[in-house]
Amino acid sequence: MTERPSSSRDASGRSDSEQPPLPPARFAYDRHTWKELAHLLANLPLSLLGFTYVVVVLSTGAFLTVTVIGFPLLAAGLMGARQLGKLERARARALLGVRVDEPSPMPLRGGKDGFFPQLWLALKDPVGWRTILYDFIRLPWGILTFTITLTSLFVLWPVLPFIARGLANADRAMVRGLLSPSDELERRIAELESDRGVVVDTAAADLRRIERDLHDGAQARLVNLAMGLGLAKEKLLEDPDAAATMVEEAHGEVKLALQELRDLARGIHPAVLTDRGLDAALSAVASRCTVPVKVTVDLVSRPVAAIEGIAYFTVSELLQNISKHSGAKSASVDVWRSDERLLIQVWDNGRGGAGLDGGTGMRGLADRLDAVDGLFVIESPQGGPTTVTAELPWRDRDPGQG
């Protein structure tokens, strides 16, 4: 799968790599030079403020960790460090022209998750700790830059623009390295939060479906069976022939209830998939499709059960759609492994026009695959044919799973 590159962007939509370069330093002082000089001279007072804050927070928090207030105090100090980082990013944007995004806010939920989970979340905040490190190492750098800049104003003023540019570039590197958010990490966190919601919603929908199928199908049939057997018991002595007829009807109800329970169990996780793998399970699904389906599974080994189950239900849903909506005369299913990915391709020669917004469950399939870092691509022009390609991460099955 091709990774989607991410980069921080400013308000105009430019990323860090797309920012216009600064004009070269020159002997004549321009506005960029004056901004850099202002930044370098402000380094000392602000680094003193940051260093003092860090020392006080860390020493006090570490000393009081033996009491009940130590860790909450340290967590509050890390949240305060975020504000110092915000100030430094604003100063770098204004004086150094460094375009850095603000990191994502702390996902605190007003204590809804409980005090200790929220406390642990604040204590391991990477943004706060990077800011603490930034402020801790800035004091000697602030003293150095202030001294060199102030001295050069009187002694080396002809070449001061070049000196200021070199020192300011070091500041730019520090800001980008310690105060800018990790784009890939931020993106990954947002994806995982979204995927977690999809997984929870999918699991809840599956539970509701199972409950509905049990209530409306097998449970109702078993209730009728119990009532029929009760009536047959009452008539057993009075009218044996009628009782025998009712028992025969009850026997038919038992068969239907068993079939419904088998179908329900197959919908949860088919036994053939557990016992024999994707090849046999998909062949069984294809045999129930109203369209002739050719199944080709080229796998030397089996993936983990979770991936295997998602692959099975993906193909099952697609074949149901072909039966109900495609008007196809033939279809095919191909499953193979490519490096560390499990690839699935389902083709049919139906009328086409399928899409994620077509109301045939495609969107649910795409969300389910996306939740496990998979891909779901539909090629379905009007008039057909339709080709659906699904891609899942491959993880080898533990030998103990068979």
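## A partly exposed leucine and its surface patch

Leu156 is partly exposed, at a relative accessible area of 39%; buried here means under 20% relative accessible area, exposed over 50%, and partly exposed in between (1.4 Å probe, protein chains only). Leu156 sits in the loop between helix H4 (126-154) and helix H5 (160-179). Helices (H or I, at least four residues) and strands (E, at least two) are DSSP runs, numbered from the N terminus.

Together with Leu150, Phe154, Val155, Val159 and Phe162, Leu156 makes a nonpolar surface patch of about 560 Å². Patches are made of residues with over 30% relative accessible area and no salt bridge, with like charges joined within 9 Å and nonpolar side chains (Val, Leu, Ile, Met, Phe, Trp, Tyr) within 5 Å. The accessible areas come from the Shrake-Rupley method with a 1.4 Å probe, and for residues only the protein chains shown count as cover.

## Basis of the model

This is a predicted model, in which local features need pLDDT of at least 70 and side-chain atom pairs count only at pLDDT 80 or more, while totals for chains, interfaces and linings use all residues. Residues are numbered from 1 along each chain as its sequence is written, and side-chain values use heavy atoms, with hydrogens and water left out.

## Annotated spans

The UniProt record, an unreviewed entry, places the feature "transmembrane region" at residues 37-56, 62-81 and 139-160. UniProt positions are given in the numbering used here, feature names are shortened, and annotations may be inferred rather than shown by experiment.

In the model, residues 62-81 are 70% helix and 0% strand, with end C-alpha atoms 16 Å apart. Residues 139-160 are 77% helix and 0% strand, and the end C-alpha atoms of this span lie 22 Å apart.

Trp34 belongs to helix H1 (residues 31-63) and is partly exposed, with a relative accessible area of 49%. Trp34 and Pro161 are separated by 127 residues in sequence, yet their C-alpha atoms are 8.6 Å apart.

Side chains of opposite charge can pair when their charged atoms come close. Eight salt bridges are found in the whole structure, a salt bridge being a side-chain nitrogen of Lys or Arg within 4 Å of a carboxyl oxygen of Asp or Glu. One of them joins Arg165 to Glu36, with the closest N and O atoms 2.7 Å apart. Arg165 lies in helix H5 and Glu36 in helix H1, so this pair ties together parts that are 129 residues apart in sequence. Glu36 also meets Arg172 in a salt bridge (2.9 Å, N to O). Arg172 lies in helix H5, so its pairing with Glu36 in helix H1 ties together parts 136 residues apart in sequence. Glu36 counts as buried at 1% relative accessibility; Arg165 is buried at 13%, and Arg172 at 5%.

Arg82 forms a salt bridge with Asp125, the closest N and O atoms being 2.7 Å apart. Arg82 lies in helix H2 (residues 70-96) and Asp125 in the loop between helix H3 (115-123) and H4, so the pair ties together parts that are 43 residues apart in sequence. Both Arg82 and Asp125 are buried. Elsewhere, salt bridges that share partners join Glu36, Arg165 and Arg172 into one network.

Strand S1 (residues 293-298) pairs with strand S2 (residues 331-338) in the parallel sense, over six bridges; two strands pair if DSSP finds at least two bridges between them. In this pairing Val295 stands opposite Val333. S1, helix H10 (residues 305-326) and S2 make a left-handed β-α-β unit. A crossover is right-handed if, with the strands pointing away from the viewer, the path from the first strand over the helix to the second runs clockwise.

S2 also pairs with strand S3 (residues 341-348), in the antiparallel sense and over eight bridges. Ser338 stands opposite Arg341 in S3. The hairpin of S2 and S3 has two residues between the strands, and Asp339 takes a positive phi near 55° there.

## Strand S5 and its partners

Strand S5 (residues 386-393) is mostly covered, with seven of its eight residues buried. S3 and S5 run antiparallel and are joined by eight bridges, with Gln345 opposite Thr389 in S5.

Strand S4 (residues 375-379) pairs with S5 over five bridges, in the antiparallel sense. Leu375 stands opposite Glu391 in S5. The hairpin of S4 and S5 has six residues between the strands, and Gly383 takes a positive phi near 95° in this hairpin.
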